[in-house]
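I opened the notebook to record what I looked up, one topic at a time. The coordinates come first, then the entries.

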Amino acid sequence: MKITCQKEDLVRVVGLVGRLATTRATLPILQNIYLSVTGDILQVKATDLEQTIQAEIKGEGFENGVITVSARVLTDYLQNNTDEKVTLSTDDITIKVDSSNHHAKIKGMDAVDYPSLPKIKFQAETVIDSNTFNEAISKTIFAAANDETRPILTGLLFRFEGDSVQLVGTDGYRLALTKLKIKNSLTGDYILPKRSLQEIQRLLGQGEEAILSFSASQVQMKVNGIIFTSRVLDGAFPAYGAIIPKKYEINLKVNSAVLLQTLKLASLFSRDSAYSTKFEINKKVLKVTAISPTLGDNTNEIAIDETDVSDFIISANAQYLIEALNVLSNEINLHFIDSKSPIVITSPKDESYLYLVMPLRSE
Amino acid sequence: MSDIFWKKVLSDLEVSVSRPNFVTWLKPTNFVENRNGLIIIAVPNPYAKNWLEKNIVKDLKRICKEEFDDFEDIRFEVMHKEAANAYDELPILKQVEEEEKEIEAEEGVPNSFHSRYTFDTFVVGNNNRLAFAAAQVVADKPGEAYNPLFLYGGVGLGKTHLMHAIANEVLRKAPKKKIIYTSCETFTSEFIDALKTNTMTAFKKKYRTADMFLVDDIQFLSNKEGTQEEFFHTFNMLHQNNRQIVVTSDRVPKEINDLEDRLTSRFGWGMIADIQAPNFENRMAILQSKAQERGIEVPVEALEYIAQTITSNVRELEGSLIKLMAAAEVEGETITREYAKRTLKDLIKTNGSVVTTKQIIGKVAEYFSVEVNDIMGKSRVKELVYPRQVVMYLLRNRLGHTLPQIGDEMGGKDHTTVMHSVEKITKARKVDSSVENDLQVIEKMFI
């Protein structure tokens, strides 16, 4: 194998795929990235047995061939190399990295042993705008569970219906959902792991449009020549439809930044009580209170448009609300039914968005 | 072809495949089913499927053909573990789900616990005071005080008694509570059945909806990674919801071999209480209370004789007293120290419990003219395999040891191996007169 490339190009793709190479794997070759030259194309890829990232760059002076080499060593070497062009070549299972002033031989491993995916038959494909997609993930992913006890909930549901896809995340205590338009018509449910979505968000910056393809067990995203493949979670997402309230008793308009700042203050005093924070609505005031048995207490008032509500009280985990407000901006709507029903946040800017939090018992 | 067989195939392959490859690709596989010679094997991801198909399928087919007559083909299927995971009990979904749940509760397994095992009938001494106190607190405030409660101590010292006592007490106060009592063995076999029959959802539902979860002899979780994983999730789910968990074992968590660290540490979250063997005074107290319970007058010197003879096991202690009282009643004799001595000697002789594991292994080795160490060893030559299976058969049928227990006694064999051996000898005994003959001669050696 032999090829000469721009060092900057090489650093970029090696850095993109190298993240998946882990040093913790039981299988030593998983610490490596896979390099292959076919014609004037250098393809690099890496996998952690759940996800694979593959990228390509052009080069010159090529000889076909393949090898794998430690991702960390190659990345560090290239990043600290100041030469403009780099020639990669192999001698059996050693890779030579030569540039005008620097020369290195790095021991690699036979590429035959590098784990790969079988060819996947995709059953659905769609094109989606990178920015809107990225934003939709941000607005829902934080609601998905981190806790592995319910593996399905560690993923985001992608529910395709007609010309739109709904993204839903829940950890059992709150739920976030939003809808995106897609360019063609599709149906089907796919649950994507949180970790893969974080990787997807990182890669979305690489191009304006992403092509998503799904099979029953795998999802693939192509952005600007980079191909990302991940497994989809196997199972059914809980039927969440029934918990979304049909109508609300109280509707408030609040500035998200003001509420966020207030909740941050209140959460200082509710840390040791599961961030339990009390909300009271009385005519023109939303009062937010937190009490700590050890620290003291905190009361805040937010002016709201006049309502005919008096003495409505509900408690909720402030942290859950803060996480949603972090990804929302400008005006938001707060909706309540009674003190035992979920608190709902919607956004006038994005009508499909809904965030729902279970209330805590207030005494 | 079965699960046991697949494990054997894997251990054959283990020597020819590099360690990292074995651990990454082969170890996480599971036998699923045999469809008329087409063997289905579950693999965790498509990378594994690809690797196995490229690198190992030829060897696998060769081994399967050698070992298994109607072998046709082998197929790998990607199966993810989350597929079986239920999402019931989502707090956020509770309001809408409540009605459905009430109906299910009625269908649940009726709670039945040994009614004699209560706190009142438990004789407290210095050897078990802490365990007793902890159990009472737990029964009083389930899920609040010590969660989990980990009781450990030797055989027949009252771990199960305390566990049932907790359940009885809780049920007395709240008869509708769903209390699940299971032995580690039952949990394991139900888990395996659920995997086989694709009924994981029901399995999870059963265990994860318990108000109280009692598990006996948790030490048998050692070496069972899959079951440990499932147990871990069940434990987490229940613990998070403040459901009381009580676990018994014959040793402290740290000393249970091959128990995952995360489980060991979780067992330490609540209270770890030990039950020691009773001293002479405690043994006397136990005997006296048992005699009183049955309303039979037994002279102190007879009780003393029993308390002196049987020192380490409360169950045997009580058993001997009951036998003595029954014999006296049948024979119309009055109980004296002499009578106790005579009766219990007879009882111990016919009881057969004088035969020990060691003796069985020794005699079998003697009969087949092989070394004890070889029987306990790993060599699979025919001359050793058969005696080894005979030993396991005898341990099972003569001493009534549990499969995992025998596995441990035989130097860390899997319980499925033991099961296979016991079944094989049981069958062979019926059809092969030489096997029957061997067993008869060996059994005579113990008299």
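The entries below cover domains, the interface, nonpolar cores and salt bridges.

**Entry 1: domains**

I noted at the start that this is a predicted model. I then looked up the domain assignment for each chain. Chain A is assigned domain 1 (2-113), domain 2 (124-241) and domain 3 (244-357). For chain B the assignment lists domain 1 (3-80), domain 2 (129-275), domain 3 (280-351) and domain 4 (357-445).

I also took two distances between C-alpha centres. In chain A, the centres of domain 1 and domain 3 are 51 Å apart. In chain B, the centres of domain 1 and domain 2 are separated by 34 Å.

**Entry 2: the interface of chain A and chain B**

I started with the contacts. On the side of chain A I found 40 residues in contact with 28 residues of chain B. The two chains bury about 3,000 Å² between them, and 63% of that area is on carbon and sulfur atoms.

Next I looked for polar links across the interface. The count of salt bridges between chain A and chain B is zero. Polar contacts do occur: four residue pairs were found, both residues at pLDDT 80 or more. On the side of chain A that touches chain B, the elements giving two or more residues are strand S4 (51-58) and strand S12 (174-193).

In soluble globular proteins, nonpolar side chains tend to be buried together. I searched for such groups here. The largest nonpolar core has 93 residues, and Leu35(A), Leu42(A), Leu88(A), Phe133(A) and Phe158(A) have the most contacts inside it. Helix H1 (residues 7-18) of chain A gives the most to this core, with six residues.

Leaving out residues up to four places away in sequence, Phe158(A) touches several residues, among them Phe133(A), Val165(A), Leu167(A), Tyr190(A), Leu192(A), Leu197(A) and Phe214(A). The contacts of Phe158(A) also include Gln166(A), Gly188(A) and Asp189(A). A second, separate core holds 48 residues, including Ala131(B), Ala134(B), Val138(B) and Val170(B).

**Entry 3: salt bridges**

The search of the whole structure gave 39 salt bridges over all chains. I looked at three of them.

In chain A, Glu249(A) pairs with Lys247(A), with the closest N and O atoms 3.7 Å apart. Both Glu249(A) and Lys247(A) are exposed. Lys287(A) and Glu280(A) form another salt bridge, at 3.9 Å from N to O. Lys287(A) counts as partly exposed because its relative accessibility is 27%.

Is Lys290(B) buried or exposed? Its relative accessible area is 7%, so Lys290(B) is classed as buried, the cut-off being under 20%. Glu293(B) has a relative accessible area of 38% and is therefore partly exposed. I then checked what else joins this pair. Arg116(B), Lys290(B), Glu293(B) and Glu318(B) are linked in a network of salt bridges.

Key:
Residues are numbered from 1 along each chain as its sequence is written. Chains are lettered from A and ligands numbered from 1 in the order in which they are written. This is a predicted model: local features need pLDDT of at least 70, side-chain atom pairs count only at pLDDT 80 or more; totals for chains, interfaces and linings use all residues. Side-chain values use heavy atoms; hydrogens and water are left out. Domain bounds come from an automatic or database domain assignment. A salt bridge is a side-chain nitrogen of Lys or Arg within 4 Å of a carboxyl oxygen of Asp or Glu. Buried means under 20% relative accessible area, exposed over 50%, partly exposed in between (1.4 Å probe, protein chains only). A nonpolar core is a set of buried Ala, Val, Leu, Ile, Met, Phe, Trp, Tyr and Cys residues joined through side-chain atoms within 4.5 Å. Helices (H or I, at least four residues) and strands (E, at least two) are DSSP runs, numbered from the N terminus. Contact means heavy atoms within 4.5 Å. Buried area is the accessible area (1.4 Å probe) that two parts lose on being put together, summed over both. A polar contact is a pair of N or O atoms within 3.5 Å; within protein, one must be able to donate a hydrogen and the other to accept it, and residues adjacent in sequence count only if both atoms are side-chain atoms.
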